[in-house]
Amino acid sequence: MSTNRWLATGNYFTSYQDEQRLFFTHLDRTILTMFLLLLFVWPLLFTLSNKYMLVIDNILIAVVAIIGLNIVTGFAGLISIGHAAFVGIGAYTVASFSRTLGDSHVIITHAWPLMIVLSGLTGAVFGAIVGLPAMRLKHLYLAIATLSFQMIFTWTINFLEFFNQGQTISISRVFWFTGKLGRKDHYLFWYYVLLVVVVLSGFMVRNLLRTRYGRCLSAVRDNDRAADAMGMHPGLTKVYAFGLAGFFAGVAGALHAYVYRGVGFESFTLHHSITYLAMAIVGGLGTLNGSFWGPAAIITLELQVETLAEHAGQILPSTWNLATALKPFSFGLVIVLFLMFEPRGIANWWRIVRSYTKLWPFRY
Amino acid sequence: MTTLSIDNVTLTFGGLNALSDVSMIIEPGLITSIIGPNGAGKTSILNCISGFYHPTAGEIRYGDRRLTHASPHQVTKLGIARAFQNLELFSGLSVLDNLMLARHTNLKYNFLQAMIYVGKASRLEAENRAYVEGVIDFMELEPYRNSTVGNLAYGIQKRVEVARALTLDPQLLLLDEPMAGMNIEEKEDVVRFIMDIIKERNTTIILVEHDLGVVMDISDYIHVLDFGEVIGSGTPEEVAANEKVIEAYIGED
């Protein structure tokens, strides 16, 4: 490309490979690199308390899970009400190692990257199995099938002695090159791990989406009869979508297990599945950047509501029990408002802002 | 060049015969039209060929391959493409993505290569993109390349439908009423495209169409269906002179 790509005001492609670029201008690339650098550097400049570090870790875990949910529900259009169960599958993969080998076995403390990948693969296998009904079922019927998986999952965990009947199974702190992680570094360490995982999965999915492996997802969403006529097996494509979603959920689950240093069934209930769905909707279904906005928005909201409820609890009589009521209320309200006024989610605001800055200061 | 032969195909939906004992030979390199009144079974024949329905009895062969129990994606891989009567496009995607989807089986890179997207994946994407661009050129869809298909005008969507079938690079193209609901100019355009497809790509075409004027003008061979049975076959002149065909279309004296 002959034009100066620092000053480029439009897209001037001269070859098809040029058009495949992720970043059309150098400015785009620089901004993202700077932003990522900032995410890696800020913990060196000032320290957050463990409470807020955990919130940030939580957001990043949810981002990984929502990337998966967006693949199956956003891109492939298959509503999954069992996503928390897939996350649970990942967490319980780590937990079952802890149960059989002891919670500070070398595999868990030293080979944790392997454990994370393994959990992802387990999630993928379960995802594909649960996705099998998608070969025949559609829409709401399929959603009920995923719901039933959620139920089976919680039930199984609750009744199996091997899984401690849903009570917490502990997982010890991991080792890094500098030795065993301390109490203080724990959340910071996992922040970095999570950041790497999020960036990798983000780029991975971004790449997949511009190849046949991503396009086939949108194809079965829009029209699976025609997808069949394009030479792909629509049923298997849907199973593949569930498998891929299960992979990300499994990875998120393993990370959840490590960050919380324990696994209990109460983190993977139907309530969490619905929350994941809400995050995906608020972020923007069928967009990759929505997977980042949604969790950030919902978890920040939860945090704000908690503080608000605390303050309100001091003024209002304690019998009103505002703290428990306010959270689901605000949560429901946000979803309804988004469905009514911005069904395309926060990702759409991002799109509007981007196209606006592209033209600024010109109005058209 | 491969011949498609349909031998004594019967298709039954719970006691109702959509097709009964239909036989026809589709010669390669020609435009063969299937016509008939509403409900005669024209689309059912296409559905049987492209694998969406499976005949209750009889056999469909393409060369030496049996299509009788093949699924649509298997049929597609044999080089048989279809443009649907009621638009079956991927309405949320751009024209470009719709056509790239038709290159699905040609993009032979694996999952890992797709994830990393350098080397083979990138090269194959660009190559197939060039192929798609050729079809866009051919079907004169350049202005709509990046528009979302669902927002395009009906006539353009129909054209995208044909373009998508062409992008599959078929040897046999099934066109199901490509001119339905079009005005005279749009029809002329479609006819021009069909003639070009035959001339430049040497594709065999099966055309299902209601506009008898068009069918009589461009077909090399015509099969007439009525109530699921073939009532006449032959060149346009022969069919026009066929007593049974006239009876089915105009009625008895």
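Two strands pair if DSSP finds at least two bridges between them, and helices (H or I, at least four residues) and strands (E, at least two) are DSSP runs, numbered from the N terminus. With that in hand, welcome to this predicted model, where local features need pLDDT of at least 70, side-chain atom pairs count only at pLDDT 80 or more, and totals for chains, interfaces and linings use all residues. Residues are numbered from 1 along each chain as its sequence is written, while chains are lettered from A and ligands numbered from 1 in the order in which they are written.

Let us start with the sheet of chain B. Its four strands form an open sheet in the order E2-E1-E4-E5, with antiparallel pairing. Strand E2 (16-26) and strand E5 (65-66) of chain B are at the edges with a single partner strand each, so one side of each has no neighbour in the sheet. Strands E1 (residues 4-13) and E4 (residues 57-62) of chain B run antiparallel and are joined by five bridges. Asp7(B) has Glu59(B) in E4(B) as its bridge partner.

Next comes the contact between the chains (C-beta atoms, placed from the backbone, within 7 Å). Chain B gives 31 residues and chain A gives 23 residues. On the side of chain B that touches chain A, H5(B) gives the most, with six residues.

| Part of chain A | pLDDT |
|---|---|
| Chain A, average | pLDDT 86 |
| Helix H1 (residues 16-19), lowest | mean pLDDT 75 |
| Helix H11 (residues 234-260), highest | mean pLDDT 94 |

In chain A, 94% of the residues score at least 70.

Technical notes. Contact = placed C-beta atoms within 7 Å. pLDDT = per-residue confidence, 0-100.
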